[in-house]
Amino acid sequence: CWDTGLVDQMKRTPSFPYSVISNYPPSGGPSIKRDWPASSSSERFPGALCGCRFEGAGGRHKTVRLLETGRRPGPNIDKRVPQRSAFVAAGFFIAHGSIVDNVPFDPFMPYLFMGEEIALSIRFWTSGYDIYGPAVDVLRHEYVRKESPKFWESVTMIFSNGMIHNRLTDLIIPRVQILLGFDEGAGDPSRIKPQSILTMADRYSVGTKRSVEDFVETMGFDLEKMIQRMPEWCEKPGISAA
């Protein structure tokens with residue numbers, strides 16, 4: 001079963017219960033009738049989230065978009081054990097229930113899509129949770145769905161304004177930027193306007209178990225240039241040390 005299988009994977013991680021398993025699941029949908037390969041088969045090693053790029057947030061601000069990563073594991077790793085990854089996907093992750101108390105979800109980021117994942121990643125990691133890609137993919141996701149409305153289109157329908165989603169994202173994204181410390185979020189928070197964007201920001205900020213500086217270095221960020229170099233330990237588990 002998918003749920004017990006994920007719990008078993010999580011318990012195999014060396015940092016359990018302080019572990020999060022996440023990736024962008026492989027593509028699939030209800031029209032696919034064939035059985036999935038067994039976990040012991042030679043199906044590809046599951047992907048992870050090792051890279052990202054900075055891009056526009058719908059206005060004058062920048063956000064961070066995560067990138068799916070194919071992995072090239074070393075020959076001697078135990079493929080039953082999830083390998084460390086860099087980032088968390090908002091659409092699929094599993095963690096110990098303690099994460100709800102230790103890293104409460106921020107209710108002050110309405111309608112945010114591109115930016116939620118880097119916020120989750122840095123908050124989880126600095127709170128002491130290690131991030132892993134799954135050892136076995138247990139679900140798939142139907143991407144694109146051209147015939148179906150997306151959530152940002154529903155926002156447009158509610159507000160009857162074709163640009164409202166981009167404007168809301170551009171307004172809210174500095175709340176994400178202050179977590180990582182880039183663009184308008186670098187330096188003095190008093191520069192962020194309106195200041196209401198930072199409502200209860202301390203309550204939903206980064207953790208205290210690890211530093212933001214260590215996160216930036218470990219995940220390969222250059223915040224001045226707003227670039228990220230994919231860490232080799234993530235792309236090639238078992239070859240380079242984490």
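**Group meeting: a sheet, a helix and a pocket**

Okay, let's start with Pro-17, which sits in the loop between α1 (2-12) and β1; helices here are DSSP runs of H or I with at least four residues, strands are E runs of at least two, and both are numbered from the N terminus. The peptide bond from Phe-16 to Pro-17 is cis, with omega near 10°.

Quick housekeeping: this is a predicted model, where local features need pLDDT of at least 70, side-chain atom pairs count only at pLDDT 80 or more, and totals for chains, interfaces and linings use all residues. Residues are numbered from 1 along each chain as its sequence is written, and side-chain values use heavy atoms, leaving out hydrogens and water.

Now the sheet. In what order do the 4 strands of the open sheet come? They run β4-β6-β1-β5, with mixed pairing; two strands pair if DSSP finds at least two bridges between them. β4 (83-84) and β5 (93-95) are at the edges with a single partner strand each, so one side of each has no neighbour in the sheet.

Let's stay with β6, residues 130-133. With β4 it pairs in the antiparallel sense over 2 bridges: Arg-84 stands opposite Tyr-132, and Gln-83 stands opposite Gly-133. With β1, β6 pairs in the parallel sense over 3 bridges, and Ile-21 has Tyr-132 as its bridge partner there.

Are the faces of β6 covered or uncovered? Both are covered: Asp-130 and Tyr-132 on one side, Ile-131 and Gly-133 on the other, are all buried. Buried means under 20% relative accessible area, exposed means over 50%, and partly exposed is in between, using a 1.4 Å probe and protein chains only.

Next, the pocket. A pocket is an open set of points on a 1 Å grid over the protein atoms alone, with protein on both sides within 12 Å along at least five of seven lines; lining residues have an atom within 4 Å of a point. Here 23 residues line it, and Tyr-24, Phe-113, Glu-117, His-141 and Tyr-143 lie nearest its centre. β3 (62-69), α3 and α4 (151-159) each supply at least two lining residues.

Last stop, the loop between α6 (174-180) and α7 (212-218), where you'll find Pro-194. The bond from Lys-193 to Pro-194 is cis, with omega near -10°. Met-200 is in that loop between α6 and α7 too, and its phi is near 55°, a positive value in a residue other than glycine.

Technical notes:
On a 1 Å grid over the protein atoms alone, a cavity is a set of points where a 1.4 Å probe fits but cannot get out, and a pocket is an open set with protein on both sides within 12 Å along at least five of seven lines; lining residues have an atom within 4 Å of a point.
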